[in-house]
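Colleague: I have a new model open and would like a quick tour. Can we go through it together?
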Amino acid sequence: LAPPDSLDLFPILVAEIHAATDFPVQGVGLDACRSSEELAGAALVAMYGRADELKEALPLGISCLMLRSRPAAELEKLQTNTSPEPPVAIVSRWPDFLRWARAVLLAKGMEAGQLSFRDAREKHWHKGLRSSVVVTDVVTAAQMPPGCRMLILNLIAESSLQELRQFVDQFLRGTRGVSSKNKASRAVSST
């Protein structure tokens, strides 16, 4: 489910799922979930945050693999430093990623002055990033200028990605010759 304010989340989740499974992935909204024909042959996945809404929309007999969000502990990889320059730039096209990373880093003990935030939807967002450590999502990482030290944070928990890999290996690997529209893993997203 992608409410209008989280459409930038779709490409991130689709990219994470594709990277984890090496299987075609297509993002769809709640309206597509109401139609058995639209979902025929697809393996439906969604984030737990929309489970109740999705259960009400899905036709009888259609199941969905629910994905967990990655825990904030991933940010423990960062080391704070006392330099007057912001040592950590948080960059994403998804505004909630920027808010989430800010809250976690401040709770970790970093000072607000040590953080720089960039909305990758804005013009010239990449200027001055070469000397920073950049915390970003998988989609924005592909657009980073050379020389950035990146920490790519997946939004989907590793346990859910592993569950997806097992599902694809067990049930979908033999279907690659079939139309990718009908056999793609469909990501219905939002946290």
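Colleague: Where does leucine 153 lie?
Modeller: This is a predicted model. Leucine 153 sits in the loop between strand 7 and helix 7 (158–172).

Colleague: Is leucine 153 buried or exposed?
Modeller: Leucine 153 is buried. Its relative accessible area is 1%, and the cut-off for buried is under 20%.

Colleague: How far is leucine 153 from valine 135 in space?
Modeller: The two are 7.0 Å apart, C-alpha to C-alpha. In sequence they are 18 residues apart.

Colleague: Let's step back. How many helices and strands does the chain have?
Modeller: The chain has eight helices and eight strands.

Colleague: And how much of the chain is buried?
Modeller: Of its 191 residues, 46% count as buried.

Colleague: Now strand 4. How many bridges does strand 4 share with strand 6?
Modeller: Four. Strand 4 covers residues 88–92 and strand 6 covers residues 133–136. They pair in the parallel sense.

Colleague: And with strand 5?
Modeller: Strand 4 and strand 5 also pair in the parallel sense, over five bridges.

Colleague: Which residues stand opposite alanine 89?
Modeller: In strand 6, valine 134 stands opposite alanine 89. In strand 5, the bridge partner of alanine 89 is serine 116.

Colleague: Why is strand 4 described as largely enclosed?
Modeller: Because five of its five residues are buried. The rest of the structure encloses it.

Colleague: Which way do the residues of strand 4 point?
Modeller: Val88, Ile90 and Ser92 point one way. Ala89 and Val91 point the other way. All are buried.

Colleague: How many residues of strand 5 are buried?
Modeller: Four of its five, so strand 5 counts as mostly covered.

Colleague: New topic: pockets. How much space lies in the second largest pocket?
Modeller: About 150 Å³.

Colleague: Which element gives the largest share of its lining?
Modeller: Strand 2 (residues 43–47), with three residues.

Colleague: Is strand 2 itself enclosed or open?
Modeller: Five of the five residues of strand 2 are buried, so it is largely enclosed by the rest of the structure. Ala43, Val45 and Met47 point one way, and Leu44 and Ala46 the other.

Colleague: What does strand 2 pair with?
Modeller: Strand 2 pairs with strand 3 (residues 65–67) in the parallel sense, over three bridges. In strand 3, methionine 66 is the bridge partner of alanine 46.

Colleague: Last topic, backbone angles. What is the phi of aspartate 22?
Modeller: Aspartate 22 has a positive phi of about 55°, although it is not a glycine. It is found in the loop between helix 1 (9–21) and strand 1 (25–27).

Colleague: And the phi of histidine 124?
Modeller: Histidine 124 has a positive phi of about 65°, and it is not a glycine. Its place is the loop between strand 5 and strand 6.

Colleague: How accessible is histidine 124?
Modeller: Histidine 124 has 45% relative accessibility, so it counts as partly exposed.

Note on methods: Residues are numbered from 1 along each chain as its sequence is written. This is a predicted model: local features need pLDDT of at least 70, side-chain atom pairs count only at pLDDT 80 or more; totals for chains, interfaces and linings use all residues. Side-chain values use heavy atoms; hydrogens and water are left out. Two strands pair if DSSP finds at least two bridges between them. Helices (H or I, at least four residues) and strands (E, at least two) are DSSP runs, numbered from the N terminus. On a 1 Å grid over the protein atoms alone, a cavity is a set of points where a 1.4 Å probe fits but cannot get out, and a pocket is an open set with protein on both sides within 12 Å along at least five of seven lines; lining residues have an atom within 4 Å of a point. Grid points are joined across faces, edges and corners, and a volume is the space filled by probe spheres set on the points. Buried means under 20% relative accessible area, exposed over 50%, partly exposed in between (1.4 Å probe, protein chains only).
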